[in-house]
Amino acid sequence: MSGKRLVIVGATGMVGGYALRYAVDHPAVGAVTAIGRRPVGISHPKLKEIAHASFADCSALAEPLRDQDGAVFCLGTYTGAVSDAELRAITADYAIEFARVLHASSADAAFSFLSGNGAVMRDVTE
């Protein structure tokens, strides 16, 4: 395999869907691993999908995250769509848990958090 190895979390959402389509079409990307709760609905030679039910614990992802060059974390929800506690868990806690496991498996991998308008916590320190 030549090219960068990229992981995309939340590729079935609006933001993640754009990231996925861009990644599989980009010549510098050799492999894309989409991790999510449901199938992304596309097929591509560069694409591998991994089902993962609960992002509160990403320890089962340690092996699939090994030897990755980067990850784009697009998992999220909209403000007002869930309780404040759920919003914090989805937007902050899940991202931190995923980044922890990514770093343990691929210490040099870049981590990017992408979000849509209205989907980001106002203050994750509360």
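The legends below describe close-up views of a predicted model.

**View 1. The largest nonpolar core and the residues that join it.** This core has 16 residues, of which V7, V9, I35, F55, L61, L65 and F98 touch the most other members. Strand β1 (4-9), strand β4 (70-73) and helix α2 (84-105) each supply at least two residues of the core, and the largest share, 4 residues, comes from α2. Leaving aside residues up to four places away in sequence, F98 touches V7, V9, I35, C58, L61, L65, A71, F73 and F111. Another core, of 14 residues, lies apart from this one and includes A23, A34, V40 and V72.

**View 2. The aromatic cluster of F73, F98, F111 and F113**. The whole structure holds 4 aromatic pairs, one of which is the tilted pair of F73 and F98, with 5.6 Å from centre to centre and 40° between the planes. This pair links strand β4 to helix α2 across 25 residues of the chain, and both of its members are buried. The rings of F73 and F111 have centres 6.1 Å apart and planes at 40°, so this pair is also tilted; it links F73 in β4 with F111 in strand β5 (residues 110-113), 38 residues apart. F73 has a relative accessible area of 0% and is therefore buried, whereas F111, at 33% relative accessibility, counts as partly exposed.

**View 3. The largest pocket and its lining.** The largest pocket holds about 420 Å³ of space and is lined by 28 residues, with G13, C74, L75, G76 and T77 lying nearest its centre. Helix α1 (14-25), strand β2 (29-36) and helix α2 are the elements that give two or more residues to this lining, which divides into 15 nonpolar, 11 polar and 2 charged residues.

Technical notes. Residues are numbered from 1 along each chain as its sequence is written. This is a predicted model: local features need pLDDT of at least 70, side-chain atom pairs count only at pLDDT 80 or more; totals for chains, interfaces and linings use all residues. Side-chain values use heavy atoms; hydrogens and water are left out. A nonpolar core is a set of buried Ala, Val, Leu, Ile, Met, Phe, Trp, Tyr and Cys residues joined through side-chain atoms within 4.5 Å. Buried means under 20% relative accessible area, exposed over 50%, partly exposed in between (1.4 Å probe, protein chains only). Contact means heavy atoms within 4.5 Å. On a 1 Å grid over the protein atoms alone, a cavity is a set of points where a 1.4 Å probe fits but cannot get out, and a pocket is an open set with protein on both sides within 12 Å along at least five of seven lines; lining residues have an atom within 4 Å of a point. Grid points are joined across faces, edges and corners, and a volume is the space filled by probe spheres set on the points. Ala, Val, Leu, Ile, Met, Phe, Trp, Tyr, Cys and Pro count as nonpolar, Asp, Glu, Lys and Arg as charged, and the others, Gly among them, as polar. Rings of Phe, Tyr and Trp (its six-membered ring) pair if their centres lie within 6.5 Å; planes under 30 degrees apart count as stacked, over 60 as edge-to-face and the rest as tilted.
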